[in-house]
Amino acid sequence: MIPRNPLFLLLSFATILAPFSLLAQGQTWQSLFNGKDLSGWKELNGAHKWEVKDGMIVGNTVPGQPNGFLCTEQQFGDFVLELEVSVDTLMNNSGIQFRSQSYSAYKNGRVHGYQMEVDPKPQQWSGAIYEEGADRGWIYPPEKMGPEAKAAFKRDNEDGYQWNHYRIEAVGPMIRTWVNGVPVAHLEDDRYLQGFIGLQLHANNENDPQGSFSIRFRNFRIQKGSLELSPMEEQVPVVSLLPSSGDPRPKNALSLHIEQDRQAGRIAVHAGDQSAPILTQRAKPDERPYLHPILAPDGRGELTEYRPDHHPHQTGIYWGLKRVNERDFFMNWNRDYWRRVSADVLQDDGERVRWQNVYEMLDEEENVLMVETQNWSLQAYADRYILDLEWQGEAKMDVVIGKFYVGGLFVRMPWVPETIGEILSASGQEGMELEGQRAIWSDIGIQLDGRDDFARIAILDHPDNAAFPTPWRVDSQMGLGPSRQILGDWGLAAGESETIRYRLLIYTGTEDKALKAEVWKEFFGKN
């Protein structure tokens with residue numbers, strides 16, 4: 001990958017705080033259809049008859065016309081879409097386009113992208129995923145569908161229209177479909193990360209009954225902010241089309257060992273017989289714990305920075321919440337806020353090492369608001385580290401963690417105005433475009449002094465986290481962290497606890513989507 005422009009270009013972007021809400025504060029749904037006319041929609045490719053009737057969008061095929069698509073003028077990246085569809089049994093088939101594209105340079109504007117199948121035929125393919133207008137055809141093929149999924153779609157019959165409820169969830173490379181509440185498809189693919197939504201009218205094939213046949217759509221709604229992802233039954237097989245690594249990466253984990261200096265509050269992780277630690281945990285009695293320094297896997301450069309002039313509260317890789325009963329543990333790292341309970345090594349050698357920090361978070365009178373436990377583990381390979389964090393907060397009194405644009409895990413890499421670097425997300429945002437937006441991972445790459453490539457830290461979200469996919473804070477000096485607080489207030493009653501998990505992939509070179517996909521799937525047990 002060619003390095004992007006110097007990072008000072010990020011300074012030209014204004015910080016944008018996107019309005020999100022927790023599920024407890026109500027869903028944020030947007031209607032795609034006003035029920036009166038086709039405002040916000042346009043037909044592409046075909047010249048079929050589209051009309052609004054009785055609160056429905058009705059499409060009628062025109063013989064001799066190619067496939068036509070009634071498409072939203074708006075584009076969508078990560079979303080949950082719901083609608084209802086009813087189709088004449090004589091129609092060839094139809095589909096719901098999503099994350100689709102049309103531009104003149106590609107087949108004279110041919111609509112292409114993902115399509116969730118609408119199939120009135122006895123073959124029962126509804127809900128499978130097809131790549132319309134491109135080269136791959138079925139990407140979640142009907143033969144992957146189970147009997148219950150195939151039987152979910154209701155065909156129109158002598159009693160009239162039979163409405164089918166369709167649901168599509170698209171989050172980064174995760175794509176999932178349901179028909180009438182039955183899970184149908186679970187696809188992993190990243191060819192299209194954003195695009196329009198479209199309604200297909202299929203052309204009459206030569207052997208089809210000729211005439212004008214209808215399809216009807218109603219009750220459109222889409223959610224982009226607080227995404228309520230549905231449980232997907234385990235019997236639905238996952239089809240992964242994510243890229244595989246071009247160059248094979250070393251598979252053998254390095255042997256690690258930990259040296260702990262309790263008096264200095266220092267836990268140092270060494271690889272093999274190397275004298276310098278590859279990662280250091282600082283856990284002092286009266287200062288917020290943090291990781292610094294972390295060496296690049298090839299030993300060339302430190303990937304973290306401690307208390308830079310532009311953000312002196314940023315301490316390497318650390319955890320700090322804002323507005324805990326209006327108390328700020330993100331900006332403040334000293335003894336008036338933090339008190340160490342313990343810092344212990346749980347596994348001191350082997351291919352994986354583990355350690356734990358426990359701290360009390362104090363109010364103004366030094367009463368304990370919350371006890372924070374950080375469980376860390378590290379695996380190292382010749383070209384990468386895999387660093388896992390399980391954070392748990394246990395409330396000792398009723399606490400409210402207030403809405404804010406930052407708070408939680410944060411990564412500070414070295415930065416000066418001349419720094420060359422990039423921030424990329426699983427959902428396609430770059431740099432400050434990611435601010436306040438949700439994504440299942442984000443990847444920071446910085447060109448450190450003495451390197452002609454990027455040193456990288458990717459942060460991977462876990463599906464069990466309450467805010468998954470979590471929104472991200474990006475500052476103009478390339479600080480980055482996922483933050484549940486962006487969504488709004490959340491709280492714990494005295495005695496309650498919350499667990500949040502992240503995985504950090506530390507590597508060098510060009511962005512490696514295949515490696516991230518492999519490491520992310522291993523993280524939540526989807527090997």
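Predicted model: local features only at pLDDT ≥ 70, side-chain atom pairs only at ≥ 80, totals over all residues.
Colleague: Why is the pair of Y130 and W138 called edge-to-face?

Modeller: The ring centres of Y130 and W138 are 5.1 Å apart and the planes stand at 75°. Centres within 6.5 Å make a pair, and planes over 60 degrees apart count as edge-to-face, so Y130 and W138 receive that name. The structure holds 23 aromatic pairs.

Colleague: What makes the pair of F217 and F220 tilted?

Modeller: Their centres lie 6.4 Å apart, and the planes form an angle of 35°. Stacked requires under 30 degrees and edge-to-face over 60, so the pair of F217 and F220 is tilted. Ring pairs also link F217 and F220 with F33 and W41 in a cluster.

Colleague: Are Y130 and W138 buried, exposed or partly exposed, and how do you know?

Modeller: The relative accessible area of Y130 is 28%, and that of W138 is 27%. Buried means under 20% and exposed over 50%, so Y130 is partly exposed and W138 is partly exposed. F217 and F220, by contrast, are buried.

Colleague: What places a charge over the ring of Y337?

Modeller: The charged end of R327 lies 3.7 Å from the centre of that ring; the distance limit is 6 Å, with a further condition of within 35 degrees of the ring normal. R221 lies over the face of W29, at 3.8 Å from the ring centre.

Colleague: Why are strand 2 and strand 10 said to stand at the edges of the sheet?

Modeller: The open sheet has 7 strands in the order 2-5-14-7-8-9-10, with antiparallel pairing. Strand 2 (41–44) and strand 10 (137–140) each have a single partner strand, so one side of each lacks a neighbour in the sheet. From one strand to the next, the twist averages 30°.

Colleague: How do you know that strand 8 and strand 9 pair?

Modeller: Pairing needs at least two bridges, and 4 bridges join strand 8 (residues 112–118) to strand 9 (residues 129–132) in antiparallel fashion. One of the bridge partners in strand 9 is I129, which faces M116.

Colleague: Which residues have the most contacts inside the largest nonpolar core?

Modeller: Within that core of 61 residues, they are V269, I278, L279, I317, W355, L378 and L387. Beyond its neighbours within four places in sequence, L378 is in contact with residues including V269, I278, L279, W355 and L387. A second, separate core has 48 residues, among them V85, I129, F213 and V239. In soluble globular proteins, nonpolar side chains tend to be buried together.

Notes: Residues numbered from 1 in each chain as written. Heavy atoms only, no water. Phe/Tyr/Trp six-rings, centres within 6.5 Å; stacked < 30°, edge-to-face > 60°. Buried < 20%, exposed > 50% of the residue type's maximum accessible area, 1.4 Å probe, protein only. Helix = DSSP H or I, 4+ residues; strand = E, 2+ residues; numbered from the N terminus. Axes fitted to C-alpha atoms, helices over the stretch in contact; angles between N-to-C directions. Core = buried A, V, L, I, M, F, W, Y, C linked by side-chain atoms within 4.5 Å. Contact = heavy atoms within 4.5 Å.
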